Amino acid sequence: KAVSDVLITSPDGSRVFLGKRKVHPQPDWWYMGGRAKPGESPQQAAARIMRRELCLQLPATRFEVIGSYSMTWAMREQAPAEHGTADISTVHHLVLQPEEEAAVKIDEKEYAESRWFGRDEILLGQFHPILKQALRDLQAKTMYRMLQQAVQKQAKDSEVSQLARSFVATAQESMAFDDKGVMQVDFDEESRNYAISFKDEAQVCGYKSGGL
């Protein structure tokens, strides 16, 4: 199914707002998001979901696409749960302003709690690898935009050179798993521990993931 998810950050990008979901397929810290409806663009779906889950009225133009991610889950909330679900998630970036943060009212039917995390806390901690990947992809896009702006304003060569090196470093981090095959994620709900492994795409036919 088509899904619109939202990676919410503070204006300086140093913090990320997550919700701890109550139900499968991801009963842990995750994006705000959900299923897109027929006829909606990904951004329209994201805006509708923010109204439902955070009580925020935001225009669709506020949601910038980071990327699309294909996920197959072993479990789902709907019966039969063990049939799992397959999602194509369009992940968007939303910068949450202080006045909007004050107006947030979390959907308690969907989320047990919500809170801000430091960006590095997520990248270095026990969080779903796809969540980490979207954050790395956002960092690469942000660094590219900074490089582009420096070139357009004809910044000093030393500044452009430094930004170019930083962009290459973040892009390499973003592409770290590109050639490793299909990622399998196993999640222990009790310990909140994620374990990842990789399978060659030719070996995946008929294979059902244990997590992602």
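Before the helix pair, I noted how the axes are set: they are lines fitted to C-alpha atoms, for helices over the stretch in contact, and angles run from 0 to 180 degrees between N-to-C directions. The model is predicted.

Entry, helix pair. I looked up helix 4 (residues 129-152) against helix 5 (residues 157-174) and found an angle of about 160°, with the axes 9 Å apart. Helix 4 is therefore roughly antiparallel to helix 5, since angles over 145 degrees are classed that way. I recorded the crossing of the two helices as left-handed.

Entry, contact residues. On helix 4 I listed Q133, R136, D137, Q139, A140, M143, Y144, M146, L147, A150 and V151. On helix 5 the partners are E159, V160, L163, A164, S166, F167, T170, A171, E173 and S174. Sorted by class, this contact has 12 nonpolar, five polar and four charged residues.

Entry, secondary structure. I found five helices and nine strands in the protein chain. Read from the N terminus, the order is β-β-β-β-α-β-β-α-β-α-α-α-β-β.

Entry, overall dimensions. I took the box of the C-alpha atoms along the principal axes and got roughly 60 × 45 × 35 Å.

Entry, burial and contacts. I noted that 41% of the 212 residues count as buried. For contacts between residues at least 6 apart in sequence, I noted that 65% join residues at least 24 apart.

Technical notes
Residues numbered from 1 in each chain as written. Predicted model: local features only at pLDDT ≥ 70, side-chain atom pairs only at ≥ 80, totals over all residues. Heavy atoms only, no water. Helix = DSSP H or I, 4+ residues; strand = E, 2+ residues; numbered from the N terminus. Parallel < 35°, antiparallel > 145°, perpendicular 65-115°, else oblique. Left-handed = near helix turned anticlockwise from the far one by under 90°. Contact = heavy atoms within 4.5 Å. Nonpolar A, V, L, I, M, F, W, Y, C, P; charged D, E, K, R; others polar. Buried < 20%, exposed > 50% of the residue type's maximum accessible area, 1.4 Å probe, protein only.
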